[in-house]
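Here is a short report on strand pairing and aromatic contacts. The structure comes first, then the details.

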Amino acid sequence: MARGGSLRWEDAETQQQAWFDAIDRRLAATAEPPVTLDALPRFSMTGATSDFPVTVTNHLTDPAVVRVAVSTDNPQRIRFTAPEPVTVQAGASSTVMLAATAAGGGVVTAQVHLESVDGRRLTPDTEITVETTNFGAIAWTLVIVSGIVLVVSTALRIKKVRARQKGVGHG
């Protein structure tokens, strides 16, 4: 049956061209790209792991299955877990959460784009500046100990000032 269909098209150049023209018109009908990616230009991590939202919008009249791809200029400092492909319904938007893991503090630039499930790039890179802070157990211990030292030294200073004020009042 498929062979018969192929043979029918073989000598029908006019019908082939009409078919391809109709497909080209449908693709050109939308003034914007078929799918787009929106993300905040700056993202701050306050811990070793964090989720970063990006929005995928489908401008087609059919559902689209896409994958969000992320790369960074310093993969030793921050790593993103590749999310599963997402299906975005026709004319709708969907939020995809990118899971990030930081191994150190600092500023890292990430590039995010959409790909088809088979790996073809669909959008240009969107650049995101990520401020990473990875407070590990040692850092949190230092913060807590510093807070305790501050409270104790303040209490001792208040006690010393009050004792001096009592001595001045009696003497």
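## Strands β8 and β9

Strand β8 (residues 106-116) runs antiparallel to β9, with 7 bridges between them. Strands pair here if DSSP finds at least two bridges between them. Strands are DSSP runs (E, at least two residues), numbered from the N terminus. Ala110 sits opposite Ile128 of β9.

Strand β9 covers residues 126-132 and also pairs with β2 (residues 42-44), this time in the parallel sense over 3 bridges. Ser44 has Glu131 in β9 as its bridge partner.

## Basis of the model

The model is predicted: local features need pLDDT of at least 70, side-chain atom pairs count only at pLDDT 80 or more, and totals for chains, interfaces and linings use all residues. Residues are numbered from 1 along each chain as its sequence is written, and side-chain values use heavy atoms, with hydrogens and water left out.

## The open sheet

An open sheet is built from 4 strands in the order β1-β3-β7-β5, with antiparallel pairing. Its edge strands, β1 (35-39) and β5 (78-81), each pair on one side only.

Inside this order, β3 (residues 49-58) and β7 (residues 93-102) pair in the antiparallel sense over 9 bridges. Ser50 stands opposite Ala100 in β7.

## The aromatic pair

The count is 1 aromatic pair (ring centres of Phe, Tyr or Trp, its six-membered ring, within 6.5 Å). Phe43 and Phe52 form it, tilted, at 4.5 Å centre to centre and 55° between the planes. Planes under 30 degrees apart count as stacked, over 60 as edge-to-face and the rest as tilted.
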